[in-house]
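Colleague: I am new to this structure and would like to learn how to read it feature by feature. Could you take me through it slowly, with the general idea and then the case at hand?

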Amino acid sequence: MKYFRFNGLIAVVLLVCIWAVPGGAQTTVRLGGVMTLEGPFTVLGQEAVRAMEMALEEVNYTVGGKRIALIKESSDGRPDVAVAKARKLIEQDKVDILIGPVSGGEGLAIKEYAKSVPGKTFINGFSAAQETTLVNPAANFFRFSTDGAQWQAGLGSYVYDSKGYRNVAVVAGDYSFGYTQVLGFMTEFCAKGGRVREKIWVPMGTKDFSSAIARIPEKLDAVYVMFGGADSVNFLTQYYQSGMKLPIIGGSNVTEQTVLNTKGPFQRHLIGIPSAHMVADGIEDPAYLEYVAKYKKRFPDGLTSPSAPFYGYYVATKAALTALSQVGGDLGGNQVNFREALAKVKLNSPTGPVSLDENRQAIANIFVTEVAQRPDGSLYTKVVKVMRGVNQTLGQPKDTFMARGVPSRDNPSCP
């Protein structure tokens, strides 16, 4: 944490120096970042900081002839705190562009705040609630990473066809991202004929999962589990300590590098867990391998490979820099030209092409994976299937998809 506080101090000092120079406001773009550096998602926020720094270092903190000043604020996963930090960055620190947040509820709240400041631009970090961009989107809010339902594309079909799972229970976080992930998984699994016998919703930040584990029905084929950060580690630890033997199907963050790199007795049980996400450690494309090598060189104390939150904030920052370059760093006229350029950005990201739909939501590849072990003993997500160009309605007509309503505790349900 000392590292992050020190870098935050540097950013503030840089900003003060720029303000002190006459005409500095015309030669500087102020970029704000909101990330969780407190609470159960702290490790995700730390990766977000690294991502923004690496993307900015690639251009030497300069684009379109203008200097980039990075100002960071820490949230704790709560929507009210995230909005307060976003408001501070926009209204007090006078940032031009804001990147963030990390969690689904935070993203929904910041989307609504964005509508009140139409002259500023907001780019999502890692937040993945589906309705952030699908329902009543903000014209100045962009998401270059896929949402939590998109992340599950291919997983329901894979476990039905390849694993033979027919009856499962769901144990997931009781908030917008959890609902979104479950919808993404159930859309395919139920369409195949699978059944979800029970959904067990658990509050974010829960420490004792014993009551949730006790509620898992008997005679199932598997349990679909969706938690993030420390919640994933705590659940998995207690699940296996309790003697549970049912196979796990992993929500995206359950097999994410921030979990796979956490040491504990639960690790030996993770091999073979199927999951799906917008990233995968086992991608062998040269562009992805170069991206991993750059991460390891820049952050020798980091994870085995870049995490999903790192990727989310990295592509968000790259998109902002690309559009800024195209408009010569000009953010005049309430940033209209900048946002027009941003909406048309097509990124060749480390995981493949990324473009935006009419709601400024990413269309990109999704990777179905299984946890595997490298010769050195480290765990990684091995790619078993690639779902290319997944859109936000999961390939369904928009009217049909929208008619189902937003994800919730009860939506969807298997017929």
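**Reading the helix contacts**

Modeller: Let us begin with a place where two helices touch: Glu 47, Arg 50, Glu 53, Met 54 and Glu 57 of α3 meet Tyr 291, Lys 294, Tyr 295 and Arg 298 of α12. By class, the residues of this contact of α3 with α12 divide into three nonpolar, no polar and six charged. Please keep in mind throughout that this is a predicted model.

Colleague: How should I read the way the two helices lie, and at what angle do the axes of α3 and α12 cross?

Modeller: One looks at how far apart the two axes pass and at the angle between their directions. The axes of helix α3, residues 42-57, and of α12 come within 11 Å and cross at roughly 105°. Since angles of 65 to 115 degrees count as roughly perpendicular, α3 and α12 are therefore described as roughly perpendicular to each other.

Colleague: And what can be said about α12 and α13, where do their axes come within 13 Å and which residues make the contact?

Modeller: The axes of α12 and α13 come within 13 Å and cross at roughly 100°, which makes α12 roughly perpendicular to α13. On the side of α12 the contact is made by Tyr 291, Lys 294 and Tyr 295, and on the side of α13 by Phe 310, Tyr 311 and Tyr 314. Sorted by class, the contact of α12 with α13 has five nonpolar residues, no polar ones and one charged residue.

Colleague: What holds a sheet together, and in what order do the four strands of the open sheet stand?

Modeller: Strands of a sheet pair through backbone hydrogen bonds, either parallel or antiparallel. Here four strands form an open sheet in the order β8-β7-β9-β10, and the pairing is parallel. Its edge strands are β8 (195-202) and β10 (248-250), each of which pairs on one side only, and neighbouring strands of this sheet are turned by 20° against each other on average, with direction ignored. As a detail, strand β9, residues 222-226, pairs with β10 in the parallel sense over three bridges, and Val 223 stands opposite Ile 248 in β10. Helix α10, residues 230-241, lies across β7 (167-173), β9 and β10, and runs at about 175° to β10.

Colleague: Which strands form the edges of the sheet of six strands?

Modeller: That open sheet has the order β2-β3-β1-β4-β5-β6, with mixed pairing, and its edge strands are β2 (62-63) and β6 (141-142), each pairing on one side only. Within the sheet, strand β1 (residues 28-36) and strand β4 (residues 97-99) pair in the parallel sense over three bridges, with Gly 33 opposite Ile 99 in β4. Helix α14, residues 336-343, packs on this sheet and touches β4, β5 (121-123) and β6, its direction making about 25° with that of β5.

**Reading the backbone**

Colleague: Where does a cis peptide bond join two residues?

Modeller: The angle to look at is omega. A cis peptide bond joins Gly 100 and Pro 101, with omega about 0°, and Pro 101 lies in the loop between β4 and α5 (104-114). Another cis peptide bond joins Asn 411 and Pro 412, with omega about 10°, and Pro 412 is placed in the segment after α15 (398-402).

Technical notes:
Residues numbered from 1 in each chain as written. Predicted model: local features only at pLDDT ≥ 70, side-chain atom pairs only at ≥ 80, totals over all residues. Heavy atoms only, no water. Pairing = 2+ DSSP bridges. Axes fitted to C-alpha atoms, helices over the stretch in contact; angles between N-to-C directions. Contact = heavy atoms within 4.5 Å. Parallel < 35°, antiparallel > 145°, perpendicular 65-115°, else oblique. Nonpolar A, V, L, I, M, F, W, Y, C, P; charged D, E, K, R; others polar.
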